[in-house]
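Please look through the sequence and the structure shown below, and then follow the questions and answers step by step.

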Amino acid sequence: MPELPEVETVVHDLTAAGLVGATITAARILWAPTIASPRADRFRRDLRGRRIVRLARRGKFILMELSGPATLLIHLRMTGRLQIDTPDGPSAPRRFDRVTWQLDDGRMLRFADPRKFGRIWLVPRPEPLFARLGPEPLEISTRSFREKLAARSRALKPLLLDQSFLAGIGNIYADEALWTAHLHPLRKSDSLSPAEASRLRTAIQAVLRRGIRNLGTSLGSGQTHFRLPRGAHGRNREHLQAYGQTGRPCSRCQTPITRIRVAQRSTHVCPRCQPLHPPRYRE
DNA sequence: AAGTGTCCCTGCGAGC
DNA sequence: TGCTCGCAGGGACACT
């Protein structure tokens, strides 16, 4: 499930593959609802002949800045994958391809997405799409983070998943950050002491940075798990401490990790390290 | 404002 | 082996 570290990894891998500088010679749409805007015929027409100028990330969005200028925005949602083929690779669409782009260097870029939740936009300016996105979690200051927590009275888990609060965190890294910070997912955001708030920010940044360093978290098997554009796997799964660890001993206290449901999402918590009602403030 | 439920989708693992 | 069933979940939206 691509979150900030996976999206960052995709952008890095596309850049390393030398995508910047290539020109799109044709776009093919195999599942029309993937294109959020503009309409399919215009999407194809407007892309032809544009050069890829820069690749970037904002929240969970991949930004492909094009000559013109224009920006191609890609959101992978659950199972979206960008794949870059070598020039001698097969050019026929594969089973889960939703959009493909032919490049002038002979390569093909594919957007594959088994569950069809991913979306792509071609826009003159990306900013309007970011109007409701919160700040980047790797850039927010301690002070600003504390103030934002105190300004709300929401459970921590749904708040971390809310992209208008912070942009880029999903279910895996939310659970990892809360475990790392010793905080229960149902703690209210305005109940945190300054030390706890600071600890949470540090934990968020640590788990995201570790995810990036490990090239993202690849889960499960088959078509639905995360891969880099050139086919490599992320190796962050082996570093997970809470997510998907139900029944396994917490690496800090050996208490089995339990799975609860919070805001319709499976949530993994150490019942001992992450008490809902802490006896008193520590540190 | 916060929380819940529903929808979109389909591969996959579990159970029979 | 082959079937059915329920789970996985990001984000938009309706509703309480």
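A residue is called near a molecule or strand if one of its heavy atoms lies within 4 Å of it. This is a predicted model, in which local features need pLDDT of at least 70, side-chain atom pairs count only at pLDDT 80 or more, and totals for chains, interfaces and linings use all residues. Residues are numbered from 1 along each chain as its sequence is written, chains are lettered from A and ligands numbered from 1 in the order in which they are written, and side-chain values use heavy atoms, with hydrogens and water left out.

Q: How many residues surround DNA strand C?
A: The closest residues to DNA strand C are His 75, Met 78, Tyr 243, Arg 259 and Arg 265. Of the atoms of DNA strand C that come within 4 Å of the protein, sugar and phosphate account for 62%. The number of residues that surround DNA strand C is 14.

Q: How many charged residues does the surface near DNA strand C have?
A: Here Ala, Val, Leu, Ile, Met, Phe, Trp, Tyr, Cys and Pro count as nonpolar, Asp, Glu, Lys and Arg as charged, and the others, Gly among them, as polar. By these classes the surface near DNA strand C has four nonpolar and four polar residues. Its charged residues number six.

Q: Which elements give two or more residues to the surface near DNA strand C?
A: A polar contact is a pair of N or O atoms within 3.5 Å; within protein, one must be able to donate a hydrogen and the other to accept it, and residues adjacent in sequence count only if both atoms are side-chain atoms. Phosphate oxygens of DNA strand C lie 3.1 Å from a side-chain N or O atom of Lys 60, 3.3 Å from one of Gln 163 and 2.9 Å from one of Ser 266. Helices (H or I, at least four residues) and strands (E, at least two) are DSSP runs, numbered from the N terminus, and the elements that give two or more residues to this surface are S10 and S11.

Q: Is Ala 263, with its positive phi, buried or partly exposed?
A: Ala 263 lies in the loop between S10 and strand S11 (265–269), and its phi is near 50°, a positive value in a residue other than glycine. Buried means under 20% relative accessible area, exposed over 50%, and partly exposed in between (1.4 Å probe, protein chains only). Because its relative accessibility is 44%, Ala 263 counts as partly exposed.

Q: Where does Pro 69 lie?
A: The peptide bond that joins Gly 68 and Pro 69 is cis, with omega about 0°. Pro 69 lies in the loop between strand S4 (61–66) and strand S5 (70–75).
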